[in-house]
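Please examine the sequence and the model shown below.

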Amino acid sequence: MLTRALFVVLLICGVATPALAEETKVLALGLADHEITQEELAKGTPPVPRFNSPAIAYVSAANLKKGDSVEIALSNADGALLTNSETLAEDKPTYLLQAGKRGVPAGGWPSEWSYFAKVKITRDGKTLIEQATTPIPFE
């Protein structure tokens, strides 16, 4: 009987440990002046946008599961300016999603605004992560 109880405890611990190690998390969240890659993120933070450059919000997340929804937005105080979202068709150990404008708006980005990246990750209709960067002005 004691052997069975110990076996059950070991099974429970063995199943719980990998689940904790695979917690969904944001690896990087920010704004860049161009579309980026995971390799570029690994080298460091990309250059931030300026009033006369493209502006791309990006999120790199880890341990996403099939059916998870990831939404990234380039926003200002008035709300989301540009968004991109995807519901995953398969598990992803790492995932990069971006939203933004490859060109520059006529006259540039208004300098009186501050911009930020905002991400929302949901699973089974429940929000797992909702996070935003500190707003920055485009100089």
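This is a predicted model: local features need pLDDT of at least 70, side-chain atom pairs count only at pLDDT 80 or more; totals for chains, interfaces and linings use all residues.

Three strands form an open sheet in the order 1-2-5, and their pairing is antiparallel. From one strand to the next, the twist averages 10°.

Strand 2 (residues 55–64) is joined to strand 5 by nine bridges in the antiparallel sense. Within this part of the model, Ala-62 is located opposite Thr-94 of strand 5.

The structure contains five salt bridges. One of them connects the side chains of Glu-22 and Lys-65, with an N to O distance of 3.2 Å. Glu-22 belongs to the loop between helix 1 (2–21) and strand 1, and Lys-65 to the loop between strand 2 and strand 3 (69–76), so the pair ties together parts 43 residues apart in sequence. Glu-22 is partly exposed, at 40% relative accessible area, and Lys-65 is partly exposed at 27%.

A further salt bridge is formed by Glu-35 and Arg-102, whose closest N and O atoms are 2.4 Å apart. Glu-35 lies in the loop between strand 1 and helix 2 (38–43), while Arg-102 lies in the loop between strand 5 and strand 6 (114–123), 67 residues apart. Glu-35 is partly exposed, at 41% relative accessibility, whereas Arg-102 is exposed, at 66%.

## A salt bridge between two strands

Lys-118 and Glu-130 also meet through their side chains in a salt bridge (3.9 Å, N to O). Lys-118 is in strand 6 and Glu-130 in strand 7 (residues 126–132), so this pair ties together parts that are 12 residues apart in sequence. Lys-118 is partly exposed, with a relative accessible area of 35%.

Definitions and conventions:
Residues are numbered from 1 along each chain as its sequence is written. Side-chain values use heavy atoms; hydrogens and water are left out. Two strands pair if DSSP finds at least two bridges between them. Helices (H or I, at least four residues) and strands (E, at least two) are DSSP runs, numbered from the N terminus. Axes are lines fitted to C-alpha atoms, for helices over the stretch in contact, and angles run from 0 to 180 degrees between N-to-C directions. A salt bridge is a side-chain nitrogen of Lys or Arg within 4 Å of a carboxyl oxygen of Asp or Glu. Buried means under 20% relative accessible area, exposed over 50%, partly exposed in between (1.4 Å probe, protein chains only).
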